[in-house]
Structures are given as structure tokens and as C-alpha cells.
Amino acid sequence: MAYDFEFLKVSISDQVATVLLDRPKVNALNSQVFSEIGRCATELQYDDSVRAVVITGGEKVFAAGADIKEMAEATPVMVAKIISGAQEALTRLENVLKPVIAAINGYALGGGCELALTADWRFAGETAQIGLPEILLGIIPGAGGTQRLPRLIGPAKAKEMIYSGRFYDAQTCLKYGLVDKVVEGDPANVIAEAQKVAKIYASKYPPFALAMAKRSINNGLNCSLVDGLALEAQSIALCFSTEDQKIGMKTFLEEGPGKAKFTGK
């Protein structure tokens, strides 16, 4: 895969792709950045050398929201086009069928928070500030915030965050369930911890089974229980087409649980 972008830097080590937002000064998300995120998500999905992903803005700021200069004088038609592109890009990232961790330092606001919401887990530094301040601009979140956040932390807490436009510290976000881990110390520790956990999933777990689990969970949340159970049944059946399923069950019978060395096939 090329991973040739202006505002994203992608590095791969130990089957973990680290995607760094790189649009100084605060990683403001404009239409081009969202487009690059969407294209990067497609490449990550189909790159067999990548088994897990870390998304970060670096050690100072994750992403401090959408590029307001781009939107301030926009017409409703223009905004509809911008928002459609942003939503499509983040949905593609959400549905990369590999473990994805957002490593958050500094501000993750507005579109930055919405970007982090697409990850499977969010690790934050002690000084991280996360929020959806769009209401203070006379608008609402438009890249998934009103939909993904209530599904993650419940409607009452999501309404509090969206209605108030407040910035929330890392510990509060941990209590709310928005953040999964607060990493102490140097900001570089957040990225390193995310990469360490991603490497575990990349190296020790069967990638197709992980993909089917993520597919079943993500899609099942958006359908009826009956349809979700049908999706789950289809997904587990597909796992039986892999060498990893044969290895996992054979090893379990012969050596006990947790001993399998999966090949990724």
C-alpha cells in the first residue's frame, strides 16, 4: 500500500500501523483531511501486513476540531457535502476490521473527538481534554458525535457533553466510559502503550476471527436482535473456513486453552 497522504503519516512496525495526523498547528480537520482518513482506512483494511492500528495526533494535540474557516461562510448545501464526506470517511475507519486504538494527547475536540469515537478503544494522557463544543458555535456535532457518543456512554451523559460544549479531563472521560485507559507520565507513553496493546492483538490473536467479532459487534449494534444473531451465526460459520480455527481447536484439545500459535490464515 502506498499510504501517500499530505496530512497523514503512516508507519508500520510489528504488523501495527501507526497513523499520525500531521496538519500543524492543531490538526484541524478540513475536507482534505477527512478524505485522506477515508482513503487511508480503505488501504488499512486491505493491507494484509497490518493487523492492528493506532491513530494519534502526536504528543501535543490529537485534533482540535473541524476547520472553522472552511465552514464559517458555507451554505447549507456546502455543509451537507462537507458533512457527508466526513461521515463517510469516519464510518470507513470505524469499519476497518482490525483492532484500532486512538492514542489521545492534548485536545480531542469536535471532529477530533468524533474521530476518536470510531476506534475500538481510546487511551488518553493525563492532560488530555476531550469534548464536543459545537453548540458554542450555534451548531451541533455532524461527523457522528450525536450518534456514536450516546451508543458508547449512554444518552444522558452524551446529552450533557453535547448540550454543554464543555471540555472534559481524562479522568472524567474514564469515569464516563469515553476513555478506556489513562496513561500517566510523558505524552509519548500514551502512544507507546497503544502500540504495545495493538502489537499483542496483531501477534497473538487470529485476524479473521477478530474481524468477524468486530463486524458482528459493530453491525449488530445497528440492527434488531434477531438480525444481529443471524449475523453472528454467519460470522462464526465463516471462521470455520480458516486454518486458525483448526489450529485453535486442535491445540485446545491437545494442550489446553491459550496455547495456540495462529498463522493468520
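How do the residues of the lining of the largest pocket divide into nonpolar, polar and charged? Let me start there, and welcome, everyone. They divide into 10 nonpolar, 7 polar and 7 charged. Here Ala, Val, Leu, Ile, Met, Phe, Trp, Tyr, Cys and Pro count as nonpolar, Asp, Glu, Lys and Arg as charged, and the others, Gly among them, as polar.

Some ground rules before we go on. This is a predicted model, where local features need pLDDT of at least 70 and side-chain atom pairs count only at pLDDT 80 or more, while totals for chains, interfaces and linings use all residues. Residues are numbered from 1 along each chain as its sequence is written, and side-chain values use heavy atoms, with hydrogens and water left out.

Back to that largest pocket. It holds about 610 Å³ of space. A pocket, on a 1 Å grid over the protein atoms alone, is an open set of points with protein on both sides within 12 Å along at least five of seven lines; a cavity is a set where a 1.4 Å probe fits but cannot get out; and lining residues have an atom within 4 Å of a point. Points are joined across faces, edges and corners, and a volume is the space filled by probe spheres set on the points. Of the 24 residues lining the largest pocket, E94, D120, I217, N218 and L221 lie nearest its centre. Helix α9 (207-220) provides the largest share of the lining, 6 residues.

Now the second largest pocket, with about 500 Å³ of space. Its lining has 25 residues, and A66, I68, M71, E134 and I139 lie nearest the centre. The elements giving two or more residues to this lining are α2, α3 and α4, and α3 gives the most, with 4 residues. By class, this lining has 18 nonpolar, 4 polar and 3 charged residues.

Since α3 has come up, let's look at that helix. Its 19 residues (76-94) should span 27 Å at 1.5 Å a residue, and its end C-alpha atoms are 26 Å apart, which agrees; the expected span is 1.5 Å times one less than the number of residues. Which residues of α3 are buried? They are I82, A86, A89, L90 and L93, where buried means under 20% relative accessible area, exposed over 50% and partly exposed in between, with a 1.4 Å probe and protein chains only. Seen down the axis of α3, these buried residues fall within an arc of 95°, so they line one face of the helix; the arc is that of the directions from the helix axis to the C-beta atoms. The face turned away from the buried side carries the exposed residues P76, V77 and K81. The buried residues pack against α1, β3 (52-56), α2 (68-71), α4 (111-117) and α5 (145-153).

L93 turns up again in the largest cavity, together with L8, V19, L21, I37, C40, A41, L44, I55 and L115. That cavity has a volume of about 60 Å³, and its lining has 10 nonpolar, no polar and no charged residues. The largest share, 4 residues, comes from α1.

One last stop: Q245, in helix α11 (residues 243-255). Q245 is buried, with a relative accessible area of 14%. Not counting residues up to four places away in sequence, Q245 touches C239 and F240, contact meaning heavy atoms within 4.5 Å.
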